[in-house]
Amino acid sequence: MVLEYKTVDLFGKPLFTWVNIRTPARIAAPMPDNEACFTYVLEGENISYSESEAVVAFQGQAMLSKCGHYVAKMLSKEKEAVFSSVTVHFRKEVLEIIYSHSFPSFLKNESTSVKHTSAKVATTSLIKKYFEGILLLFTHNDLVSEEILILKLKEIIVLLLNTENAPVIKDIMSSLFTKRSFKFKEVIEAHICSGISISELAQLTNKSLSAFKKEFYNVYQDTPGHYIMNRKLEKVAELLLVSDNSVQDIAFDCGFKSTSHLSRSFKDKYHMTPSKYRNNLVLK
């Protein structure tokens with residue numbers, strides 16, 4: 001549930017948004033070809049699932065996301081609390097206006113081969129101070145002017161291009177508005193252990209639930225639920241063999257909600273608990 005939503009607009013479009021959301025929450029967050037965003041987490045935790053990966057940002061951290069399909073999960077330390085974030089919105093038409101006489105090179109060299117659609121950004125002291133200044137704009141209308149907003153937009157672009165993980169960020173920035181096409185199987189295989197629902201997987205493939213299930217069966221000759229659970233259990237069995245991590249950690253890493261959930265499912269497939277499976281391997 002959205003508790004509060006504020007915007008600061010530039011050229012009639014939201015440039016900055018400040019949102020407070022009751023946790024836990026899961027929402028579909030698709031971004032069209034002409035949009036991208038940079039989100040700073042003020043409170044809570046944000047897990048952003050794209051077609052190819054999952055990026056986690058905690059309080060005081062930030063992530064950059066290009067155009068594409070996303071599912072966002074907002075969490076907090078308490079069972080029910082508030083997730084809060086501030087987002088800078090990059091819109092192609094706005095950037096074309098403010099850079100009309102000197103369009104930056106990183107926006108000219110559009111690439112379709114970029115591996116990442118989103119990435120966590122190193123939150124330097126300059127980036128943190130930047131967002132402290134942005135928060136003032138929501139409560140002090142006297143500070144808001146077109147000139148100030150243009151300067152603030154250009155400022156965050158410069159800061160992003162000079163972060164510690166600048167190569168990844170530059171790759172994303174060079175393709176902010178170039179949507180990469182993902183094959184159906186790419187999306188599925190990327191999220192076998194993500195713990196997202198079948199309906200959320202359908203959203204990431206940009207299909208209705210019924211169309212998704214039909215396509216899934218055509219590709220895998222199996223239902224989504226059965227196939228994904230089987231693959232997750234195979235991953236658990238592999239990790240029990242090669243990893244020293246606890247069963248609890250393995251359960252979490254493979255997208256199970258609890259060790260009891262894993263144990264029940266694992267026993268159905270392997271006719272023994274994960275602990276006994278590991279012990280049998282050690283004895284051999």
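I begin with a pair of helices: H9 and H11 are roughly perpendicular to each other, a term that covers angles of 65 to 115 degrees, while under 35 degrees counts as roughly parallel, over 145 as roughly antiparallel and the rest as oblique. Their axes come within 10 Å and cross at roughly 95 degrees. Axes here are lines fitted to C-alpha atoms, for helices over the stretch in contact, with angles running from 0 to 180 degrees between N-to-C directions. Helices (H or I, at least four residues) and strands (E, at least two) are DSSP runs, numbered from the N terminus.

A word on the source: this is a predicted model, in which local features need pLDDT of at least 70 and side-chain atom pairs count only at pLDDT 80 or more, whereas totals for chains, interfaces and linings use all residues. Residues are numbered from 1 along each chain as its sequence is written, and side-chain values use heavy atoms, with hydrogens and water left out.

Which residues bring H9 and H11 together? From H9 they are Met229, Asn230, Leu233, Glu234, Val236, Ala237 and Leu240, and they meet His261, Leu262, Ser265, Phe266, Lys269 and Tyr270 of H11; contact means heavy atoms within 4.5 Å. This contact divides into 8 nonpolar, 3 polar and 2 charged residues. In this scheme Ala, Val, Leu, Ile, Met, Phe, Trp, Tyr, Cys and Pro count as nonpolar, Asp, Glu, Lys and Arg as charged, and the others, Gly among them, as polar.

The next pair is H3 (residues 125–139) and H4 (residues 146–160), which pack at an angle of about 160 degrees with axes 11 Å apart. H3 is therefore roughly antiparallel to H4. On the H3 side the contact is made by Leu126, Ile127, Tyr130, Ile134 and Leu137, and on the H4 side by Leu149, Lys152, Leu153, Glu155, Ile156 and Leu159. By class, this contact has 9 nonpolar, no polar and 2 charged residues.

On a 1 Å grid over the protein atoms alone, a pocket is an open set of points with protein on both sides within 12 Å along at least five of seven lines, a cavity is a set where a 1.4 Å probe fits but cannot get out, and lining residues have an atom within 4 Å of a point. Grid points are joined across faces, edges and corners, and a volume is the space filled by probe spheres set on the points.

The largest pocket has a volume of about 740 Å³. It is lined by 31 residues, and Lys73, Ser194, Gly195, Gly255 and Phe256 lie nearest its centre. H9 and H11 return here: both are among the elements that each supply at least two lining residues, as are H7 and H10 and the strands E5, E6 and E8. The lining has 15 nonpolar, 10 polar and 6 charged residues.

The second largest pocket holds about 560 Å³ of space. Of its 25 lining residues, Ala29, Cys37, Thr39, Thr87 and His89 are the closest to its centre. Strand E9 gives the largest share of this lining, 5 residues.

How many cavities of 30 Å³ or more does a search of the whole structure find? The search finds 2. The second largest cavity contains about 30 Å³, and its lining consists of Leu10, Lys13, Pro14, Leu15, His89, Arg91 and Val94. Strand E2 contributes the largest share, 3 residues.

Finally, the backbone. Thr23 and Pro24 are joined by a cis peptide bond, with omega about -5 degrees, and Pro24 lies in the loop between E2 and E3. Asn206, a residue other than glycine, has a positive phi near 60 degrees; its place is in the loop between H7 and H8 (209–220).
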